[in-house]
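Here is a walk through one protein chain, from its pairing pattern down to a few single residues. Keep the viewer open while you read.

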Amino acid sequence: MSVRNTLPRLWRDDRHPLSSLRDEMDELFESWTKDFGFPQMPWAQEAQWVTEISPRMNVSETDKELQITAELPGVDQKDIEITLTGGDLLIKGEKKSETDEKKDERSRSYHRVERSFGSFQRRLSLPYDVDPDKVQASFKDGILTLTLPKPPEVQKAAKKIEIKGEKQIEAKKAA
C-alpha cells in the first residue's frame with residue numbers, strides 16, 4: 001500500500017481537468033451579461049442545475065482519520081450508495097421527486113418547480129488506500145458523515161515541524 005503525495009487531489013472530483021476552466025468562463029460571461037441586462041446563457045442554466053444536485057462536502061482530518069461530511073437534503077438513506085475502491089471513494093444517490101411532474105393527488109397544477117431532484121454522484125481520490133472494513137458511515141438530518149481511519153504507516157509518517165523565531169535562530173548562531 002503506497003502513500004500518495006497528491007493531497008490536493010483529495011478535494012477534486014471526477015470531472016475533466018478543463019471542466020473547472022469552462023465553469024469559470026461560464027460564470028464570467030454570465031455575470032457580464034447580467035450586468036448589462038441580457039438574458040442568462042442556456043449553458044449556464046444547465047450548469048446551475050447540475051450544481052444543485054451535486055452534494056456539497058467538507059473534508060477534514062486529524063492525526064488518525066479523515067472525516068467527510070456531505071449535505072444530502074431530501075435524500076432518503078436507502079437511496080444512498082457508498083463505494084470504496086482502494087483510494088477512490090464514490091458516493092451515489094438519488095433525490096426522488098415528491099410529486100408527479102404535472103399534477104399531484106389534489107389535481108394541483110404547478111406554475112413553477114425550482115426544487116431539484118435526480119441522480120447524483122461524487123468521487124473523491126484519497127491520498128492513501130483505506131481499509132473498507134474500518135470505515136464508519138452515519139446519516140442524520142440530511143447529513144452523511146464518513147469516518148475513514150488512516151492506515152498505521154500514514155499515522156507514523158506525520159511529523160510535527162517546529163517553527164523557529166528570529167531570536168532562536170540568532171541564539172543558535174551566537175552559540
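Let's settle a term before using it: two strands pair if DSSP finds at least two bridges between them. Strands are DSSP runs of E with at least two residues, helices are runs of H or I with at least four residues, and both are numbered from the N terminus.

This is a predicted model, in which local features need pLDDT of at least 70 and side-chain atom pairs count only at pLDDT 80 or more, while totals for chains, interfaces and linings use all residues. Residues are numbered from 1 along each chain as its sequence is written, and side-chain values use heavy atoms, with hydrogens and water left out.

**The hairpin and its sheet**

Lys140 stands opposite Ile143, a residue of β7. Strand β6 covers residues 136-140 and runs antiparallel to β7 (residues 143-149), with five bridges joining the two. Two residues sit between the strands of this hairpin, and Asp141 takes a positive phi there, near 55 degrees.

On its other pairing, β7 meets β2 (residues 65-71), again in the antiparallel sense, over seven bridges. One of the bridge pairs is Gln67 with Thr147 of β7. Put together, four strands make an open sheet in the order β1-β2-β7-β6, with antiparallel pairing. β1 (57-61) and β6 are the edge strands, each pairing on one side only. From one strand to the next, the twist averages 15 degrees (axes are lines fitted to C-alpha atoms, for helices over the stretch in contact, and angles run from 0 to 180 degrees between N-to-C directions).

**Out at the edge, and further in**

How many of the five residues of β6 are buried? The count is zero, so the strand is hardly covered, given that buried means under 20% relative accessible area, exposed over 50% and partly exposed in between, with a 1.4 Å probe and protein chains only. Gln136, in β6, is exposed. Its C-alpha atom is 5.1 Å from that of Thr147, eleven residues away along the chain. Leaving aside neighbours within four places in sequence, Gln136 is in contact (heavy atoms within 4.5 Å) with Thr145, Leu146 and Thr147.

Ser125, placed in strand β5, is buried. Its side chain joins that of Asp88 in a polar contact of 3.3 Å. For that label, a pair of N or O atoms must lie within 3.5 Å; within protein, one must be able to donate a hydrogen and the other to accept it, and residues adjacent in sequence count only if both atoms are side-chain atoms.

| Residue | Relative accessible area | State |
|---|---|---|
| Gln136 | 55% | exposed |
| Ser125 | 13% | buried |

**The core**

A nonpolar core is a set of buried Ala, Val, Leu, Ile, Met, Phe, Trp, Tyr and Cys residues joined through side-chain atoms within 4.5 Å. The largest one has 20 residues, and Ile68, Leu89 and Leu126 touch the most other members. At least two residues of this core come from each of β1, β2, β3 (80-85), β4 (88-95), β5 (118-125) and β7. Beyond four places in sequence, the contacts of Ile68 include Met57, Val59, Leu89, Leu126 and Leu148.

**The whole chain**

Four helices and seven strands make up the secondary structure, running α-α-β-β-β-β-β-β-β-α-α from the N terminus on. Of the 175 residues, 25% count as buried. Among contacts with a separation of 6 or more, 62% are between residues 24 or more positions apart.
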